[in-house]
Amino acid sequence: MNQSKDEIICEKCRVHLVSTKTKLMYQGVRFDAELLKCPKCGQAFVSEELAQGKFHEIEIALEDK
Ligand SMILES: [Zn+2]
């Protein structure tokens, strides 16, 4: 196993995901996130790092609503 996050492939399309800087907004809060996206089907994959950071905050905000 020698998998970096740049080498994640879409299981559907078998193509490498590309890192895309995306502006996300949730309940008026804007932030930039680098998401890995499949260039073919557009499926976005959330990195572990992101899932434990910003997206965790989103989850909290969701529960709070
Ligand atoms: Zn795909």
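This is a predicted model: local features need pLDDT of at least 70, side-chain atom pairs count only at pLDDT 80 or more; totals for chains, interfaces and linings use all residues.
Residues are numbered from 1 along each chain as its sequence is written, and side-chain values use heavy atoms, with hydrogens and water left out.

**Stop 1: the zinc ion.** Select the metal and show Cys10, Cys13, Cys38 and Cys41: their SG atoms coordinate the zinc ion at 2.3 to 2.4 Å. Donors here are N, O and S atoms within 2.8 Å of the metal (3.2 Å for Na, K and Ca), and sites may look incomplete because water is not among the atoms. Run the angle tool over the four donor atoms and you get 102 to 113°, a tetrahedral site (four donors with all angles between 85 and 135 degrees). Along the sequence, the donor residues follow the spacing C-x2-C-x24-C-x2-C. Cys13 sits in the segment before S1 and Cys38 in the loop between S2 (29–37) and S3 (44–45), so this pair ties together parts that are 25 residues apart in sequence. Both Cys13 and Cys38 are buried (under 20% relative accessible area; exposed is over 50%, partly exposed in between, with a 1.4 Å probe and protein chains only).

**Stop 2: Arg14.** Step along to Arg14, in the segment before strand S1 (18–26). Its phi is near 60°, a positive value in a residue other than glycine. Arg14 is exposed, at 62% relative accessible area.

**Stop 3: the strands.** Switch to cartoon; strands are DSSP runs of E, at least two residues, numbered from the N terminus. S1 and S2 run antiparallel, joined by nine bridges (strands pair if DSSP finds at least two bridges between them). Two residues separate them in a hairpin, and Gln27 in that turn has a positive phi of about 50°. Now pick Lys37 in S2: Val18 stands opposite it, and Lys37 also stands opposite Ala44 in S3. S2 and S3 are antiparallel too, with two bridges. Their hairpin has six residues between the strands, and there Gly42 takes a positive phi near 80°.

**Stop 4: a charged pair.** Which side chain does Asp32 meet in a salt bridge? Select Lys23: the N to O distance is 3.4 Å. The rule asks for a side-chain nitrogen of Lys or Arg within 4 Å of a carboxyl oxygen of Asp or Glu, and the count comes to one salt bridge.

Methods
Helices (H or I, at least four residues) and strands (E, at least two) are DSSP runs, numbered from the N terminus. Four donors count as tetrahedral if all angles lie between 85 and 135 degrees; four count as square planar and six as octahedral if opposite donors are over 155 degrees apart and all others between 65 and 115; anything else is irregular.
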